Amino acid sequence: SARVVCFGELLLRLSAPGREKLLQSPQLEVRVGGAEANVGVSLARFGHRVDMVSTVADNALGEAVVGELRRHGVGTSAVRHVPGRMGLYFLAPGAIHRPAEVLYDRAGSAFALAAEEAYDWPALLAGADWLHLSGITPALGANTAAAALAAARAARAAGVKVSFDGNFRPKLWEAWEGDARAILRGLMAEADVLFADHRDMGVVLGGQYAQAEPLQRVEAAAADAFAAFPHLQWLACTLRSPRNVDHHALAGVLVGRSSGTALAPQEEVGPIVDRIGGGDAFAAGVLHGLARGWEPERTIRFGLAAGCLKHSVPGDFNLVSEADVEALVGEGRYDVKR
Ligand code: KDG
């Protein structure tokens with residue numbers, strides 16, 4: 001198994017039950033989330049040794065969040081507890097003709113305010129095989145943008161592979177007028193594995209991907225990414241076809257610098273129980289395959305099946321095992337030779 005360090009904000013998610021809107025709901029359900037933590041929980045459940053690097057509030061909420069990660073097998077000894085507040089997000093899952101609502105309440109969180117110097121990266125990365133981080137952390141402000149870049153550079157210098165999920169969140173960048181293009185470019189330049197599609201690459205590289213087929217757009221974006229980022233070996237994404245608020249179809253794409261494109265055929269997903277964290281579950285599934293040294297084809301099928309399975313689990317975490325994912329891969333369309 002691999003040793004993986006995940007760096008990012010731990011959030012409390014407060015969601016309205018059922019189909020309720022945020023403005024009407026008399027009760028909110030509390031869950032733990034955060035894109036990088038979601039990846040970490042999946043990887044821990046797949047048998048890897050995962051450590052979270054983060055900063056939480058030194059109060060009962062911070063303690064609860066850290067306890068939840070530990071419960072799912074993620075190491076939390078590198079989480080800093082400091083005076084301050086936890087970041088929150090509010091969610092109403094939406095209903096017919098009404099999209100999901102996500103409200104962030106995380107400005108000035110303990111994580112967002114932590115200075116770059118708060119993290120001793122050479123020590124935190126000692127013995128690690130992978131560092132996973134995402135475009136959410138640098139979108140939170142100048143401190144976290146600097147910290148994310150320092151982490152990625154330290155990993156590169158130490159021979160730790162860097163996995164970066166674009167996770168482009170315009171709302172967060174707009175709040176502080178951060179230069180998303182320049183900052184994400186700097187981070188992607190350190191990445192070995194990139195989770196990004198043609199829209200993300202359009203933001204970062206300015207490319208116009210107008211090819212007729214979604215797959216061609218991704219392949220064109222991947223070619224630009226390989227040209228721009230010298231360390232990059234893999235680019236992965238899902239292709240999503242919306243059906244309705246309860247249902248979409250997902251296909252998986254994994255493009256290798258030297259191995260070409262591997263595809264996981266489109267799967268119908270629905271009725272959806274909870275789609276938050278689906279992208280993180282996909283990323284974790286792909287990282288699992290890469291860490292195991294599987295063929296690209298097997299890797300992308302496992303990644304897509306992991307992402308699909310997440311849609312059946314309430315909360316942000318994909319609380320499934322490798323065997324659960326393999327069982328889904330084993331069903332017909334996910335016919336993987338072992
Ligand atoms: O990918 C899921 C994340 O969006 C969720 O956990 C919340 O980290 C989060 C964010 O910043 O949106």
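Predicted model: local features only at pLDDT ≥ 70, side-chain atom pairs only at ≥ 80, totals over all residues.
Residues are numbered from 1 along each chain as its sequence is written. Local features need pLDDT of at least 70 and side-chain atom pairs pLDDT 80 or more, while totals for chains, interfaces and linings use all residues, and side-chain values use heavy atoms, with hydrogens and water left out.

**Exercise 1. Find what surrounds the ligand.**

Step 1: You'll get 14, and the closest are Tyr104, Arg106, Arg169, Asp280 and Asp316.

Step 2: A polar side-chain atom of Tyr104 sits 2.5 Å from a ligand oxygen. For Arg106, a side-chain N or O atom is 2.7 Å from an oxygen of the ligand. Ala35 uses a polar backbone atom instead, 3.0 Å from a ligand oxygen.

Step 3: Ask how much gets covered. Alone, the ligand exposes 310 Å², and the protein buries 92% of that (Shrake-Rupley method, 1.4 Å probe).

**Exercise 2. Trace the open sheet.**

Step 1: Write down the strand order (strands are DSSP E runs of at least two residues). The nine strands go β5-β4-β1-β8-β9-β10-β11-β12-β13, with mixed pairing (pairing takes at least two DSSP bridges).

Step 2: Spot the edges. They're β5 (79-82) and β13 (260-269), each pairing on one side only.

Step 3: Zoom in on one pair. β1 (residues 3-7) and β4 (residues 49-57) run parallel over five bridges. Cys6 has Met52 in β4 as its bridge partner.

Methods
Near = heavy atom within 4 Å. Polar contact = N/O pair within 3.5 Å; in protein donor to acceptor, adjacent residues only side chain to side chain. Helix = DSSP H or I, 4+ residues; strand = E, 2+ residues; numbered from the N terminus.
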